[in-house]
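Hello,

Here is the structure I promised to pass on to you. Have a look at it first, and then read on for what turned up.

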Amino acid sequence: MNSSSLTIAGVTLNSRLFLGTGKYSSAKIMAESLAATGTELVTVALRRVRTDGAADDLLAHLDRRKYRLLPNTSGVRDSKEAVLAAELAREALGTEWVKLEIHPDPKYLMPDPIETLRATEALAKRGFVVLPYVHADPVLCKQLEEAGAAAVMPLGAPIGSNRGLESRAFLEIIIAQSNVPVVIDAGLGAPSHAAAALEMGADAVLVNTAIAAASDPVGMGRAFRLAVESGRLAFESGLAARSTKPLAHATSPLTAFLTEVGA
Amino acid sequence: MSTAGDQLEVLVNDQPRLFAAPVTLLGALRELGLSERRGIAVAIGGEVMSRSGWAERSLRSGERILVIQATQGG
């Protein structure tokens, strides 16, 4: 559906569902699940190569003709490390796209806003397409946009928590004032969360745990695909106004025809 | 200091590794079985080494080499 395509840094994506590749029980299930979602953008992480153990050949399972890769900088603690990670990712994968995530605290994985802003500036100047993962902070998201971010990725809830749009009120502000695509990342646990994000005008969502850790990741991948398409279509179609009063409004004529006739 | 027959120690992902000197980055990666692996990247002392330059880059004793690879992640 052309009306629903999304453009980031001049690249058109036909799916508004971005996928993480972590936590899958096997590479085969990951590949099947990605296919079921219809995604065109998938994240990968970087890690130190082990020189003793077996090779981890993730790329063998990712068809680069179908999926654009979005390497993340998970594991870095500051902007300096993030720049090195992005440069390594560009060398390793041949892409300038980077999901910038700087979370020095391994317990809650909370993104560091100051280092993220610094790294966004530095990476944008170096020609990277920067998608920073941040708190749902409207001020920060505007600053990132001004610093050259290609999109912003505010969190819905803590990573892996499956709690949904807990930052909703702030996401609404971010969406209302952003000039770059807004991708809700982290915490979306159910297709209904993804649908709600798209309904409120988010440009895309990034999902990993909710699909990878489902009993049937392929079925859940399809469920998320439908939810994202549904949510976007609802947004584009213009949701009817929500009543703020505790009243019902009839959708049918209220003529009491059973008693009116011959009464 | 490295002449033929000497050994040279570098740190590869913080692990000490010995190579017969002189050795290039490409030679060292080959010995480690990494030179043909896809989706890897290398930095020495925090500077990324492009693949096309591996064959020319001689290693010096004590250098810190970081080798990363793409893996699953969100």
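How many residues does the contact take from chain B, and how many from chain A? Chain B gives 22 residues and chain A gives 26. Please keep in mind that this is a predicted model.

On the side of chain B that touches chain A, β3 (40-44) and β5 (64-72) of chain B each supply at least two residues.

Now to chain A and its strand β7 (residues 129-134), where six of the six residues are buried. Side chains in a regular strand alternate between the two faces of the sheet. In β7(A), both faces are covered, with V129(A), L131(A) and Y133(A) buried on one side and V130(A), P132(A) and V134(A) buried on the other.

β7(A) has parallel partners too. Four bridges join it to strand β6 (residues 97-100) of chain A, with W97(A) opposite V129(A). The chain gets from β6(A) to β7(A) through helix α3 (residues 113-125), in a right-handed β-α-β crossover. Two bridges link β7(A) to strand β8 (residues 153-154) of chain A, again in parallel, and V134(A) stands opposite P154(A). With helix α4 (residues 138-147) of chain A, β7(A) and β8(A) make a right-handed β-α-β unit.

Best wishes

Conventions: Residues numbered from 1 in each chain as written. Chains lettered and ligands numbered in written order. Predicted model: local features only at pLDDT ≥ 70, side-chain atom pairs only at ≥ 80, totals over all residues. Buried ≥ 20, exposed ≤ 12 C-beta atoms within 10 Å, placed from the backbone. Pairing = 2+ DSSP bridges. Right-handed = clockwise from strand over helix to strand, strands pointing away. Contact = placed C-beta atoms within 7 Å.
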